[in-house]
Amino acid sequence: MPGLPSFRHFRTRLLVLILGLLTAALGVSYFLVTRANRANAIAHIEENLAGALRVFRFSVELRQERLAQSAKVVSADWPMRTLYLQEELDRHTLRSTLVSYAERLDVPVVTAFGTDGEMLASTMEGLSDELCGPFRHLVQKAESENADQAGDFAYLAGRLHVLVVVPLYAPRPNIIGWFGAAFPIDDTFAQGLKQTTLAEVTFVSGVGETSHRVLATTLPPAWASIVADQMPASRTEAAQTSLVTLDDEPYVTLFIPLGLLGDDPARIALQRSLAAELAPARDLEDIIVLISLAALLIAFLAALGAARNVSQPVQALATHTEVIARGDYGARLDLHRSDELGQLAESFNRMSAGLAERDRVRDLLDKNVSPEVAAQLMREGAALGGEEREVTILFADLRGFTTLSERMPPRELITLLNRYLDAMSGAIEAEGGIIDKFIGDEIMALFGAPVASSDGADRALAAALAMRTALAGFNATLAAEGLPPLAFGVGINTARVVAGNIGSHRRLNYSVIGDGVNVAARLQTLTRDPSHGTDIILSAATLAATRKPWATRHLGVLGVKGRKEAVEIHALA
Amino acid sequence: MRSSRFIFLLVLTGLALRAADGSLTVRVQHGQLPLADAVVSLTPLDTTVSPPAVFPEVTIAQEDKEFDPYVTPVMAGTRVSFPNRDNVQHHIYSLSKPKRFEKPLYASGASESVLFDLPGIVALGCNIHDWMIGYIVILPTPWFAKSDTGGGAVVSGFPAGRYRLEVWHPRLAKPVSREITLAAGENPPEPFTLQLKPDRRIRRTTDGRPGGY
């Protein structure tokens with residue numbers, strides 16, 4: 001089947017087109033959905049982190065306030081004032097007292113200062129007087145602002161702390177010293193902030209140091225170092241958001257500068273996992289993928305079905321076309337469809353019916369008219385009209401047929417006649433003549449029409465001789481069958497006649513008319529005259545039209561019935 | 001708080017009585033463990049107790065910022081001195097009914113005695129060291145004993161007779177007592193159980209930065 005691959009190709013193309021379009025549409029929508037989800041998640045995390053920052057600031061404020069309150073309670077304590085105002089300051093007792101008070105108030109660091117800011121005692125181990133700069137800074141600030149307290153972020157022994165100082169009155173407004181309290185921003189603090197805000201918290205030292213140092217974090221140490229390395233290098237005061245990848249997971253990270261007393265600002269990194277935020281959206285995206293795959297599968301099957309639905313009938317039509325091309329017009333194609341393809345099949349059926357009809361007509365035409373006339377009719381159509389041309393007309397009449405007809409049954413008679421006519425027709429057609437018509441047992445044949453030829457006269461004479469030979473052969477057969485021999489008479493004339501399709505609109509006959517036709521018929525009847533002694537008579541016009549030499553015998557000039565002029569006739573030897 | 005951890009079991013294990021010198025051995029248990037610092041005393045119900053000619057010298061030191069000993073039973077009328085053996089000052093006080101006193105910030109080496117003349121429980125504190133706590137159990141009788149780390153306490157030197165057996169411990173809400181007769185041939189009384197309170201003493205960290213916040 002030569003048509004098949006292209007149909008397969010059509011099916012493939014349809015599949016590729018539908019699946020391609022669908023995949024593109026689904027892919028684009030998936031892409032847009034994931035992008036929107038991601039953008040939403042980042043925006044949501046940024047909001048959360050801004051909230052976490054507020055929680056941090058509020059928490060620090062609250063603790064700072066509590067520190068101040070505690071420090072005030074200690075500063076107002078009677079034994080404490082007594083200790084301060086002893087003749088000689090007992091630092092050991094002061095320190096042990098501070099330890100006791102720090103426990104009582106649950107304050108991590110309590111430190112006592114003299115009026116000039118000199119450190120007297122501290123509960124913090126390793127906190128020397130030199131390291132108390134930030135406290136002294138706050139003391140100066142409180143003094144200059146005449147404030148009851150001052151506080152800020154600062155490093156104490158290298159660790160980040162929130163500091164508060166309050167004056168020790170004895171009595172107010174006489175300041176006999178200062179109390180400093182502090183709590184560390186350490187991993188525990190970071191964990192506490194994480195519990196409230198659900199954000200990962202990392203504190204990193206300022207950019208002024210040679211390398212960023214992790215001060216406190218909720219992250220594993222290795223991750224915290226990564227966060228420290230990603231800290232913005234600039235000293236800008238603005239908060240910055242960026243994506244930091246920890247263990248292949250992106251974290252939306254908010255970096256906030258944290259002003260320090262006498263040092264470069266530290267920074268807080270607040271982080272939340274983008275993957276965790278996206279998890280619910282990811283579930284939805286997975287469902288979209290599943291639905292998309294299902295849709296693709298359904299579309300694939302539907303497209304396959306549709307392609308089959310089209311390609312199969314088209315294949316059937318192609319096959320049917322092949323059958324018709326082979327000439328089998330009788331085959332019918334039934335697709336059992338009412339759509340365009342069904343209509344196409346119907347058209348095909350009508351077409352093949354039409355072709356079958358034409359074929360039948362052509363067949364009948366071939367039998368009823370000569371092949372040349374039939375061909376011309378098929379070619380030029382059955383137009384009425386005509387043309388004048390020179391034609392050689394041959395009439396052949398059977399002798400003694402009437403006698404024979406009385407002695408034979410009709411069927412056998414027709415059979416015999418047809419055998420005779422068949423033999424004669426063969427001789428005529430062999431020479432290129434066409435049978436114009438059979439008139440009973442008489443044959444009218446034309447040479448040079450409908451196809452003009454220059455040697456019509458020669459071929460007519462040759463045909464006449466061949467007919468004579470054929471008749472002899474036919475007679476031998478008849479003799480063998482025990483039948484009497486037959487004889488014929490042939491008249492040949494060449495003349496300009498009118499040729500054309502003659503008849504009504506319903507029925508046409510290609511024929512020739514004119515005086516020359518009558519002359520030919522008349523010459524045939526002359527063969528009955530025994531005086532001429534020939535069965536083939538031709539006119540001088542025919543003889544004149546020949547190009548080859550023919551053995552003829554001049555018979556004379558005779559007046560022909562119904563014709564003014566006499567006709568010179570010859571016998572063909 | 002009905003946990004067995006707070007069951008205080010007093011078992012009177014041995015009773016020996018001679019003419020004028022009785023001896024009562026008591027084992028104090030907390031669950032299966034011995035309980036130290038319980039004070040067991042016998043107060044006669046039928047006779048009065050005459051004060052001794054000379055009271056023993058009793059000392060409660062401040063050492064390593066603690067009271068030593070933690071619990072001190074004394075007979076009413078005893079003077080107790082409070083020497084400071086630390087290199088820091090202390091500021092001890094009592095706000096208890098039997099004896100209210102205060103010794104403001106005094107330095108190492110200083111020792112002053114206080115007379116405890118009324119029976120009862122005196123809780124000692126230090127104004128500048130919250131974790132410091134000590135008890136003085138002032139009794140109207142000379143026959144008392146404090147359980148040692150093995151939970152054992154031996155009261156001796158009392159004559160036969162009817163007594164109020166009293167038990168006190170810092171983790172008892174108030175002293176528990178019952179009447180017993182101690183005479184030759186008497187069986188020791190049945191063990192009795194008491195409910196202990198949780199230990200609420202301040203857990204003192206080492207003298208440095210307190211942990212936690």
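User: How many helices and strands does chain B have?

Analyst: Helices are DSSP runs of H or I with at least four residues, strands are runs of E with at least two, and both are numbered from the N terminus. By that reading chain B has zero helices and 19 strands, while chain A has 14 helices and 18 strands. This is a predicted model, in which local features need pLDDT of at least 70 and side-chain atom pairs count only at pLDDT 80 or more, whereas totals for chains, interfaces and linings use all residues. Residues are numbered from 1 along each chain as its sequence is written, chains are lettered from A and ligands numbered from 1 in the order in which they are written, and side-chain values use heavy atoms, with hydrogens and water left out.

User: What share of the residues of each chain counts as buried?

Analyst: A residue is buried under 20% relative accessible area, exposed over 50% and partly exposed in between, with a 1.4 Å probe and protein chains only. In chain A, 44% of the 573 residues count as buried, and in chain B the share is 45% of 213 residues. Accessible areas come from the Shrake-Rupley method with a 1.4 Å probe, and for residues only the protein chains shown count as cover. Chain A exposes about 28900 Å², of which carbon and sulfur atoms supply 56%; chain B exposes about 10700 Å², with 51% supplied by carbon and sulfur atoms.

User: How does one check the length of helix α7 of chain A, and where does α7(A) bend?

Analyst: The expected span of a helix is 1.5 Å times one less than its number of residues. Helix α7 (residues 274-325) of chain A has 52 residues and should span 76 Å, and its end C-alpha atoms are 71 Å apart, which agrees. A bend at a residue is the angle between axes fitted to the seven residues ending there and the seven starting there, and α7(A) bends by about 50° at A:P280.

User: What is found at the start of α7(A), and what follows the helix?

Analyst: A polar contact is a pair of N or O atoms within 3.5 Å; within protein, one must be able to donate a hydrogen and the other to accept it, and residues adjacent in sequence count only if both atoms are side-chain atoms. At the start of α7(A), a side-chain oxygen of A:S273 reaches to within 3.2 Å of the backbone nitrogen of A:A275. After the helix comes A:G327, whose phi is positive, near 100°. In helix α13 (residues 515-526) of chain A, a polar atom of the A:T525 side chain lies 2.5 Å from the backbone oxygen of A:R522.

User: How many aromatic pairs are there over all chains, and which rings form a cluster?

Analyst: Rings of Phe, Tyr and Trp (its six-membered ring) pair if their centres lie within 6.5 Å, and planes under 30 degrees apart count as stacked, over 60 as edge-to-face and the rest as tilted. The count comes to 16 aromatic pairs over all chains. One of them joins A:Y420 and A:F474, whose ring centres are 6.4 Å apart with planes at 45°, so the pair is tilted. Since A:Y420 lies in helix α11 (residues 410-430) and A:F474 in helix α12 (residues 456-480) of chain A, the pair ties together parts that are 54 residues apart in sequence. A:Y420 counts as buried at 0% relative accessibility, and A:F474 is buried with a relative accessible area of 8%. Ring pairs also link A:F56, A:F153, A:F183, A:F189 and A:F203 into a cluster.
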